[in-house]
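These are my notes from one sitting with a single model.

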Amino acid sequence: MELLLEEGHKVTIATRGNTPDSFGEQVDRLQIDRESYDSLAEVTKDGKTWDVVYDNICYSPQAALDACQIFKGKVKRYILTSTLSVYDVGSHRNEEKDVNPYIYPLTMGGRDDFPYGEGKRLAEAAMFQKANFPVCAVRFPIVLGEDDYTGRLEFHIEHIQKGIPMGMPNIHAKMSLIDSAEAAAFLSWLKNQRVEGPINACSDGDVQLSELMTWIEKETGKKAVIKKQTAKEDQSPFGIEDSWYMDTSKASRLGFKFKTVRSWLPDLIRHYANH
């Protein structure tokens, strides 16, 4: 959002209005329920059109189909926030072609009808198979930053600081990550590209979970206690059974250069370990 405003764009935020923002009069606001067709249709009321729509809260094929119908003839470019979760875990470095939304079998349903990853696969499928406007789906991995409200990185730091065992099925698994600032930069950059279809976006370099634990141990001066299984509340949110990472050759060919994960993750760990 900050990047769009800095570039001088007119920005409208469409949310349920439950969470305050800090943008004051710099932005317009619409209060909608993304899960309701009639409510979402308010964004094109009175013939309003849009240059770019960023859809960060589409979790089902029905929500995607609603957007296809509502924004028909009303938007020049649609950017859907998708996820690494469309791919299965495994030692293979996932490329966009590994999950092809243009031919993925489309089953309709709402957000509660599918697990998260399948819901996002089907949302992509609905958009690419039904939309009559240009669509790009950005497949992000876990996004970390000082503004991450989920507390996933802090979970590990606090457990190590307090000596609480953490559940990790495979300490040798590798995963892709991206920091929130670069995720925002990528979304902003993408609006000026003529790319359609899915596109992977993550920091250069993978993080092995054992390496992540070593970085946290260095900052905290404490030793991680790792077990394959623990109580549910102590299972790591990064506790994957096999590696889970992406190839970003497509974005690189288009000219976007990602930072290395080692250029920002140790600093973020240091920030949380000392606050």
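**Entry 1: helix α3 and its cover**

I looked up what lies over helix α3: the cover of its buried residues includes α2 (37-40), β4 and α4. Contact here means heavy atoms within 4.5 Å. Buried means under 20% relative accessible area, exposed over 50%, and partly exposed in between, with a 1.4 Å probe and protein chains only. Helices (H or I, at least four residues) and strands (E, at least two) are DSSP runs, numbered from the N terminus.

Before going on I noted the basis: this is a predicted model, in which local features need pLDDT of at least 70 and side-chain atom pairs count only at pLDDT 80 or more, while totals for chains, interfaces and linings use all residues. Residues are numbered from 1 along each chain as its sequence is written, and side-chain values use heavy atoms, with hydrogens and water left out.

Helix α3 spans residues 61-70 and is mostly covered, with eight of its 10 residues buried. I listed the buried ones as P61, A63, A64, L65, D66, A67, C68 and I70.

**Entry 2: the sheet**

I traced an open sheet of four strands, in the order β3-β4-β5-β10, with parallel pairing. Two strands pair if DSSP finds at least two bridges between them. β3 (50-55) and β10 (197-200) are the edge strands, each pairing on one side only. On average, neighbouring strands of this sheet are turned by 20° against each other, direction ignored. Axes are lines fitted to C-alpha atoms, for helices over the stretch in contact, and angles run from 0 to 180 degrees between N-to-C directions.

β4 (residues 75-83) and β5 (residues 135-140) are joined in the parallel sense over six bridges. In β5, R139 is the bridge partner of S82.

Two helices that pack on the sheet went into the notes. Helix α4 (residues 116-130) touches β4, β5 and β10, and its direction makes about 160° with that of β4. Helix α6 (residues 180-190) touches β3, β4, β5 and β10, and its direction makes about 165° with that of β5.

How enclosed is α6 by the rest of the structure? Eight of its 11 residues are buried, so α6 is largely enclosed. The buried residues are S180, E182, A183, F186, L187, S188, W189 and L190.

**Entry 3: T83**

T83 is in strand β4. I recorded T83 as buried because its relative accessibility is 6%. The side chain of T83 reaches the backbone nitrogen of S85 at 2.9 Å. Leaving out residues up to four places away in sequence, T83 touches Y116, K120, V138, R139 and F140.

**Entry 4: nonpolar cores**

A nonpolar core is a set of buried Ala, Val, Leu, Ile, Met, Phe, Trp, Tyr and Cys residues joined through side-chain atoms within 4.5 Å. The largest one has 34 residues, of which L144, L153, L177, L212 and L265 touch the most other members. β6 (142-144), α5 (152-162), α7 (209-220) and α9 (265-273) are the elements that give two or more residues to this core. A second, separate core has 23 residues, including V53, L80, A126 and V135.

I checked L177 by itself. Not counting residues up to four places away in sequence, its contacts are P141, I142, L144, C202, S203, V207, V261, W264 and L265.

**Entry 5: M213**

M213 is found in helix α7. I counted M213 as buried because its relative accessibility is 3%. M213 touches H156, I160, M166, M168, I171, A224 and I226, again without residues up to four places away in sequence. M213 and I226 are 13 residues apart along the chain, and their C-alpha atoms are separated by 9.4 Å.

**Entry 6: cysteines**

I searched for disulfides (cysteine sulfur atoms within 2.5 Å) and found zero. For C136, the nearest cysteine sulfur is that of C58, 14 Å away. C136 is buried at 0% relative accessibility.

**Entry 7: E95**

E95 is in the loop between β4 and α4. With a relative accessible area of 29%, E95 is partly exposed. Its contacts are Y87, N200 and D247, not counting residues up to four places away in sequence. E95 and K250 are 155 residues apart in sequence and 8.6 Å apart in space, C-alpha to C-alpha.

How values were computed:
Polar contact = N/O pair within 3.5 Å; in protein donor to acceptor, adjacent residues only side chain to side chain.
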